[in-house]
Every structure is written in C-alpha cells, then in structure tokens.
Amino acid sequence: LAQVAQTKPHYVRCLKPNDDNRSDSFDKPRMVEQLRYSGVLEAVRVARAGFPVRYVHVEFIARYGLLAPGGAMTADAHEVLLELIGAVEERVLDADGGGLRVGKSKVFLKKGSFEALEAARSVALWACATKLQSVVRRAL
C-alpha cells in the first residue's frame, strides 16, 4: 500500500462516441458532456484566451524568485507568490498586468509576458554569475 501511495498515476481519457456501442453512431451531446466533465473544454478556453504558459505556484516561485526585491522570501508560499507577482508586475509586465493571471493552483502567462519574464530572469542570472566570478577572482 505504501508503494501505491508513492506512485503518480496518469490516465489517458477515452471518449465514447455513443452509449450503445454501435459503429458509425456519434452522439454529439454525449461527447460534449464527456469533454466538459474531463476538463478539456476548460483547457481549450484558457488556451484560446491567450495564456499558453502555465506554472504551478511553487514552480513559478522557484523559477522567478530571484526577481523578487532583495530576494527576501518568507516561509508562507502564498505570501511569497503575492510578493513575487507584485515585483514582477512592476518590473517586467504591462502596467495593467494583462499578461499574467493567478489561479487557485497555477499562474497563467501570455506569450509576451513570458518572454519579458524570461529576459529579466536571464539578465538577473547573468548579473549573479558576474558577481560570483568577481568574488572568486578576488579570492584567487
């Protein structure tokens, strides 16, 4: 039982074209119902809204945490996320924050905002690497 609890199962969702198991029979309302309940329609709606990049809150914090002011991080993940979102919106994204949405478990980014975040992250990493090199060279 412990081994089962450690696994992370994933499933392939199959759709039944009809409930009678007849060939060449396609029940549209039944298919829409299955798509709606499996979450496929919601995923398509979000993708159409223009938020193709999605991060779980913890992944977003881990990837873009270095963009937070002073790098000060508290123990509460929700507070860290709000602090980071505020810093990111001020430094990188549009003033209205239209390229970023925070959901219950994920952060959604539009393509332009994602590219701006990645550019800011690259600059921050470059600055950290340069600082590290200068410290090491001074010590040698």
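How exposed is E33 in terms of relative accessibility? At 34%, E33 counts as partly exposed, a class that lies between buried (under 20% relative accessible area) and exposed (over 50%), judged with a 1.4 Å probe and protein chains only.

## Getting started

Welcome to this predicted model, in which local features need pLDDT of at least 70 and side-chain atom pairs count only at pLDDT 80 or more, while totals for chains, interfaces and linings use all residues. Residues are numbered from 1 along each chain as its sequence is written, and side-chain values use heavy atoms, leaving out hydrogens and water.

## The overall plan

The protein has six helices and three strands. Here helices (H or I, at least four residues) and strands (E, at least two) are DSSP runs, numbered from the N terminus. Reading from that end, the elements run α-α-α-β-α-α-β-β-α.

Of the 140 residues in the protein, 24% are buried. The protein exposes about 10,500 Å², and carbon and sulfur atoms supply 58% of this area; accessible areas come from the Shrake-Rupley method with a 1.4 Å probe, and for residues only the protein chains shown count as cover. Contact means heavy atoms within 4.5 Å. Among contacts between residues at least 6 apart in sequence, 51% join residues at least 24 apart.

## The sheet

Strands of a sheet pair through backbone hydrogen bonds, either parallel or antiparallel. In this protein, three strands form an open sheet in the order 1-3-2, with antiparallel pairing. Strand 1 (53-56) and strand 2 (100-102) stand at the edges with a single partner strand each, so one side of each has no neighbour in the sheet. Neighbouring strands of the sheet are turned by 20° against each other on average, direction ignored.

Two strands count as paired if DSSP finds at least two bridges between them. Strand 2 and strand 3 (residues 106-109) pair in the antiparallel sense over three bridges. One place to look is R101, whose bridge partner in strand 3 is F108.

## Helices on the sheet

Helix 4 (residues 57-64) packs on the sheet and touches strand 1, strand 2 and strand 3. The direction of helix 4 makes about 100° with that of strand 1. For such angles, axes are lines fitted to C-alpha atoms, for helices over the stretch in contact, and the values run from 0 to 180 degrees between N-to-C directions.

Helix 6 (residues 111-139) also lies across strand 1, strand 2 and strand 3. Helix 6 runs at about 100° to strand 3.

## A salt-bridge network

How many salt bridges does a search of the whole structure find? The search finds four, where a salt bridge is a side-chain nitrogen of Lys or Arg within 4 Å of a carboxyl oxygen of Asp or Glu. In one of them, D19 pairs with R30, the closest N and O atoms being 3.1 Å apart. D19 lies in the loop between helix 1 and helix 2, and R30 in helix 2, so this pair ties together parts that are eleven residues apart in sequence. D19 is partly exposed at 44% relative accessibility, and R30 is partly exposed at 24%.

R30 also meets E33 in a salt bridge (2.7 Å, N to O). R30 and E33 both lie in helix 2, three residues apart, or about one turn of the helix. Together, D19, R30 and E33 are linked in a network of salt bridges. Another salt bridge joins D20 and R22, with the closest N and O atoms 3.1 Å apart. D20 is exposed at 51% relative accessible area, whereas R22 is partly exposed at 49%.

## Two loops to visit

N21 is found in the loop between helix 1 (2-6) and helix 2 (28-38), and D24 is found in the loop between helix 1 and helix 2 as well. Phi of N21 is near 55°, a positive value in a residue other than glycine, and phi of D24 is near 60°, again positive in a non-glycine residue. N21 is exposed at 67% relative accessible area, and D24 is exposed at 83%.

A68 is found in the loop between helix 4 and helix 5 (77-91). Is A68 buried or exposed? A68 counts as buried, at 6% relative accessibility. The C-alpha atoms of A68 and V80 are separated by 8.9 Å, and the two residues are twelve apart along the chain.
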